[in-house]
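Please examine the sequence and the model below.

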Amino acid sequence: MKLLKHIANLGYGSRKQVAWLFREGRITDAAGEVLYADDTPTHDEIRVDSEPLDPAPGILVMLHKPLDVTCSKKDRGRVVFDLLPPRFRLRDPVLSTVGRLDRDTSGLLLLTDDGLLLHRIISPKSKLPKVYLATLAQDLRGDEVANFANGGLMLESEKTPLLPAELEVLGPREARLTLHEGRYHQVRRMFAAVGNHVDALHRERIGGLDLGDLVEGQWRMLGEAEREGLFGS
Ligand code: URA
C-alpha cells in the first residue's frame, strides 16, 4: 500500500491532510530523515512529528469499560471510543467492539479491526467462555444453578434454548455466571427468566483473558501471545 494511504488509513487525516504532513516534512524515518510519499519504509521506521506510528492494522484492544458509557460509535452520551485515542475512531479498517456490553455493565471489552478475529471470538462455534459477576435484587431461589446448566432455558422471543451456562453462587444476591454464547442482554434476561433482577453486572473474563490490573476507563493493546491465550482457556 502507498505510504500516504497507509498513514491516512491509520486516522492521521484525509489523504489531503496527510499530503500536507509530507510537504511540511513532519513525516520522517527513525533517524529524522524526511520521507516522501513515494518512499517505501517499513511501518516501524515511520515517524510522524518524531513519534512512532500507531499500530498497523490487525490490532486487538482490551478496555476496562466503566458504567454509563455505551458501545456505539455515536451516541449523545459518552461512548467507549471517547476513552481511546481520537485517531482510533478514524482508522480504516474500522475498529469495532467485539460484541457489546450494556451501558450499565462494566468490565472487559475487546475491540479489533480484524474481521476474522472478531468473527472467531463471537462465533457460537468458538464457545468462548464469558464470565460475569452479577449482583441481584433478590435472594437466589436455589434452582438457578440447575436451571442455567440444563441447556433448556428459553428466553422470551427466542427460538432456540440457551446453551448450558455455569452459575457459581457467591452469596444470597451475588453470583458468577459463565456463558458460552452471547445473546442480547443475555445475563439480565436469564435472571429475569428465574424471577430475579440484575442490579449490577461486570464482565470479568473472556476466554483466557482477564482485566489484570487495568482500572476502569483504561485500555491496552494486546500482543500475539494474549491473542492466542484468549482461545487457550
Ligand atoms: N448480558 C447482559 O445482560 N448485559 C451485558 O452487558 C452483557 C451480557
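**Backbone, cavity and ligand site**

Lysine 127 sits in the loop between helix H3 (115-122) and strand E7 (130-136); helices (H or I, at least four residues) and strands (E, at least two) are DSSP runs numbered from the N terminus. The model is predicted, so local features need pLDDT of at least 70 and side-chain atom pairs count only at pLDDT 80 or more, while totals for chains, interfaces and linings use all residues. Residues are numbered from 1 along each chain as its sequence is written, and side-chain values use heavy atoms, with hydrogens and water left out.

**Backbone geometry**

- Most residues other than glycine have a negative phi, and most peptide bonds are trans.
- Lysine 127 has a positive phi, near 50 degrees.
- Lysine 127 is partly exposed, with a relative accessible area of 45% (buried is under 20%, exposed over 50%, partly exposed in between, with a 1.4 Å probe and protein chains only).
- Aspartate 68 also has a positive phi, near 65 degrees, and belongs to the loop between E4 and E5.
- The loop between strand E4 (60-65) and strand E5 (96-97) also holds proline 93.
- The peptide bond from aspartate 92 to proline 93 is cis, and its omega is near 5 degrees.

- The whole structure contains one cavity of 30 Å³ or more; a cavity is a set of points, on a 1 Å grid over the protein atoms alone, where a 1.4 Å probe fits but cannot get out.
- The largest cavity holds about 40 Å³ of space, a volume being the space filled by probe spheres set on the points, which are joined across faces, edges and corners.
- Lysine 127 is one of the lining residues of the largest cavity, which also include Ile121, Pro124, Leu128 and His180 (lining residues have an atom within 4 Å of a point).
- Four nonpolar, three polar and three charged residues make up this lining (Ala, Val, Leu, Ile, Met, Phe, Trp, Tyr, Cys and Pro count as nonpolar, Asp, Glu, Lys and Arg as charged, and the others, Gly among them, as polar).
- The largest cavity lies between domain 2 (60-123 + 213-230) and domain 3 (129-206), because both give residues to its lining; the domain bounds come from an automatic or database domain assignment.

**Ligand surroundings**

- Residues around the ligand include Leu101, Asp102, Tyr132, His185 and Leu201 (a heavy atom within 4 Å).
- An N or O atom in the side chain of threonine 105 is 3.0 Å from a ligand oxygen atom, a polar contact being a pair of N or O atoms within 3.5 Å.
- Arginine 188 places a backbone N or O atom 3.0 Å from an oxygen atom of the ligand.
- A polar backbone atom of glutamine 186 is 3.4 Å from a nitrogen atom of the ligand.

Definitions and conventions:
1 Å grid on protein atoms, 1.4 Å probe; cavity = no way out; pocket = protein on both sides within 12 Å on 5 of 7 lines; lining within 4 Å. Polar contact = N/O pair within 3.5 Å; in protein donor to acceptor, adjacent residues only side chain to side chain.
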